[in-house]
Amino acid sequence: MIYKIFYQETKERNPRRENTHTLYLDIDAKDELDGRIKAQKLVEEKTPYNIEFITCLSDKHLKYEKESGNFTITEL
């Protein structure tokens, strides 16, 4: 499953919507909730990022993200 993670680059500053970034992770999970938990744990362990939101991409949403030109799977 592909997850889209919205985050701020640091936990030390107040979050501002204008500074929100995204990354995409391919997580092997038994269901959507398990994947969100694994994605959150992975990002928290490997980065200093402040996670705002995690969503699992549907097939249509994934297709749109790939066509937008900003889609790259992140390896952590």
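Me: What makes the largest nonpolar core of this predicted model a core, and which residues does it have?
Reply: In this predicted model, the largest nonpolar core has 11 residues, namely Tyr-3, Ile-5, Tyr-7, Leu-23, Leu-25, Ile-27, Ala-29, Ala-39, Val-43, Ile-54 and Cys-56. The set is called a core because its members are buried residues of the nonpolar kinds, joined through side-chain atoms within 4.5 Å. In soluble globular proteins, nonpolar side chains tend to be buried together.

Me: Which elements give two or more residues to this core, and where does its largest share come from?
Reply: Strand 1 (2–8), strand 2 (21–26), helix 1 (32–46) and strand 3 (50–56) each give two or more residues, and the largest share, 3 residues, comes from strand 1. A second, separate core of 5 residues includes Ile-2, Tyr-24, Leu-57 and Phe-71.

Me: What is Ile-54 in contact with, leaving aside its neighbours within four places in sequence?
Reply: Ile-54 is in contact with Tyr-3, Lys-4, Ile-5, Arg-36, Ala-39 and Gln-40, once neighbours within four places in sequence are left aside.

Me: Why is the pair of Glu-52 and Arg-17 called a salt bridge, and what does the pair tie together?
Reply: The closest N and O atoms of Glu-52 and Arg-17 are 2.8 Å apart, and the cut-off for a salt bridge is 4 Å, so the pair qualifies. Because Glu-52 lies in strand 3 and Arg-17 in the loop between strand 1 and strand 2, the pair ties together parts that are 35 residues apart in sequence. With a relative accessible area of 29%, Glu-52 falls between the limits of 20% and 50% and is therefore partly exposed, whereas Arg-17, at 61%, is over 50% and therefore exposed.

Me: How do you know that Asp-34 and Lys-38 form a salt bridge, and how are they placed in helix 1?
Reply: Their closest N and O atoms are 3.4 Å apart, which is within the 4 Å limit, so the pair counts as a salt bridge. Asp-34 and Lys-38 are 4 residues apart in helix 1, which means that about one helical turn separates them. Asp-34 has a relative accessibility of 17%, under the 20% limit, and so counts as buried, while Lys-38, at 38%, counts as partly exposed. By this rule the count comes to 5 salt bridges, and among them is the one between Glu-18 and Arg-16, with closest N and O atoms 3.4 Å apart; both of these residues are exposed.

Me: How do you know that the span of helix 1 agrees with what its 15 residues should give?
Reply: At 1.5 Å a residue, helix 1 should span 21 Å, and its end C-alpha atoms are 21 Å apart, so the two values agree. At the start of helix 1, a side-chain oxygen of Asp-31 comes to within 3.2 Å of the backbone nitrogen of Leu-33.

Me: What puts the buried residues of helix 1 on the same side?
Reply: The buried residues are Asp-34, Gly-35, Ala-39 and Val-43, and they cover an arc of only 155° around the axis, so they lie on the same side of helix 1. What covers them includes strand 1, strand 2 and strand 3, whereas the face turned away from the buried side carries the exposed residues Leu-33, Lys-41 and Glu-45.

Me: Why is Glu-65 called buried?
Reply: Glu-65, found in helix 2 (residues 59–68), has a relative accessibility of 5%, which is under 20%, and therefore counts as buried. Not counting residues up to four places away in sequence, Glu-65 touches Lys-4, Tyr-24, Leu-57, Asn-70 and Phe-71.

Terms used:
Residues numbered from 1 in each chain as written. Predicted model: local features only at pLDDT ≥ 70, side-chain atom pairs only at ≥ 80, totals over all residues. Heavy atoms only, no water. Buried < 20%, exposed > 50% of the residue type's maximum accessible area, 1.4 Å probe, protein only. Contact = heavy atoms within 4.5 Å. Salt bridge = Lys/Arg side-chain N within 4 Å of Asp/Glu carboxyl O. Expected span 1.5 Å × (residues − 1). Arc of directions from axis to C-beta. Polar contact = N/O pair within 3.5 Å; in protein donor to acceptor, adjacent residues only side chain to side chain.
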